[in-house]
Amino acid sequence: MDVVLTPEQEAFRQEVRAFAAEAVTPELLRRTGGAIEAFVPEFHRAVADHGWIGVQWPREYGGQGRTPVDMAVFFEEMGRALAPLGRYVGSTVFVGGSIISYGRPDQRAEFLGRIAAGDLLGSFALTEPEAGSDAAALRTTAVRDGDHYVVDGEKVFISGAELADCILTAVRTDPAAGKYAGISLLLVPGDAPGLSVRPLHTVAGLRVNVVVYDGVRVPADRLLGTEGNGWAHLQTTFGLERSLSSAQLVGSLFRLYRDLHVAATAEVHAGRLEPARLADLHDCRAELEAARLLSYRACWLDQNGAMTLDEAAVCKLTRSELALRLATVGLDLLGEVGLVAGPDGVLGGRLEALYRRAQFYITAGGTNDIQRGLLAQRGLGLPRR
Ligand SMILES: Cc1cc2nc3c(=O)[nH]c(=O)nc-3n(C[C@H](O)[C@H](O)[C@H](O)COP(=O)(O)OP(=O)(O)OC[C@H]3O[C@@H](n4cnc5c(N)ncnc54)[C@H](O)[C@@H]3O)c2cc1C
């Protein structure tokens, strides 16, 4: 991998940085608490107006024809600015990216321009009450009835479903086929009759949803990809999601590291902290550099058609465990003031918030235990049992 970005990529970085410096105002940060997962409609619109939703899509679909590495640049800069990019990944990677990868031309024409314009928000519904880590055990069914599928079942922990115009839903279309073979993907309208969404409030103020499908009729042309091939299709989407989300989170952790370093150094100068105690923070800096390179590497592999699930697993593990470590090191250095939540807390409460949100990074998108299993089997070739 060439670790030096091209002059065009550096210029793009400067462009994104300048935008973020202006658009991510102190007032906006007060509103979001610096949460990079927050959804702020006017910010989403401003990003769309810059042509940066679906940046990597072909121009004919409203994108800029950029590469996955360009995307990493975009996400890293937005992360460093603590820009609220809620619904960006749900819309552009899960819905839009899946349509690009395995959708039909008419689906591309119908959805992508609207997503790129910021007019269509997406979310992704896979997890069920009895199918979390073992997601392929899902039971939500879609039965063909003429030119529709009729969907029945329940999804849980679904981010952004309350806002979504389109929910990419994993369903079982052939219960007789093997566990992985009978799964398909449907683009379900967020306002479909029979669909209901109710909130679940989880750690660090993150809202997710229970989504119930009660005889929801979905036109058959909303099938995404090949019937029965949904599980294989999703593996492509997971790879990209895990690498891009890494660039964003690592960018935001760099920002916290920098602010923490300033605060801890001030404590040293005030004689309240032994200089040697900064050693753990310096270790975090080295780990951040490594995590950053891993996220770029994953995007570079994706760009070259060589992305694998174990590479994506390395990114997911590294970024989430680093989030917890940085929060823990920060709290250890600054003591109880670091535990104060909200704008009155140290660093605007970001340390306290990160400590809680790290649990989300570890759990969502496939828990770290599952990522370790993937690494063992696919990366190291170890047997399943
Ligand atoms: C804030 C948040 C947002 C989310 N957003 C979405 C979303 O938008 N869409 C969506 O579909 N899902 C979403 N999820 C769901 C998330 O992907 C699941 O919570 C996750 O996959 C784990 O499933 P589970 O909670 O059922 O845990 P379980 O599968 O019940 O696991 C419980 C524990 O057992 C461990 N475990 C389970 N199986 C194994 C194994 N084989 N080997 C080793 N350890 C194992 C797990 O690591 C975990 O510690 C979200 C979750 C959260 C918390």
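Let's start with Ser184. Leaving out residues up to four places away in sequence, Ser184 touches Thr169, Ala170, Val171, Thr173, Leu223, Glu227, Gly228 and Gly230; contact means heavy atoms within 4.5 Å. This is a predicted model, where local features need pLDDT of at least 70, side-chain atom pairs count only at pLDDT 80 or more, and totals for chains, interfaces and linings use all residues. Residues are numbered from 1 along each chain as its sequence is written, and side-chain values use heavy atoms, with hydrogens and water left out.

Ser184 sits in strand 5, residues 183-189 (strands are DSSP E runs of at least two residues, helices H or I runs of at least four, numbered from the N terminus). Is Ser184 buried or exposed? Buried, because its relative accessibility is 0% (buried is under 20% relative accessible area, with a 1.4 Å probe and protein chains only). Its side chain makes a polar contact of 2.6 Å with the side chain of Thr173 (N or O atoms within 3.5 Å; within protein, one must be able to donate a hydrogen and the other to accept it, and residues adjacent in sequence count only if both atoms are side-chain atoms).

Now the ligand. Domain 2 (123-227) and domain 3 (232-379) both give residues to its shell, so the ligand lies between them; the bounds come from an automatic or database domain assignment. At Ser159, a side-chain N or O atom is 2.8 Å from a ligand nitrogen. At Phe124, a polar backbone atom is 2.9 Å from a ligand nitrogen. At Asp369, a side-chain N or O atom is 2.6 Å from a ligand oxygen.

Definitions and conventions:
Buried means under 20% relative accessible area, exposed over 50%, partly exposed in between (1.4 Å probe, protein chains only).
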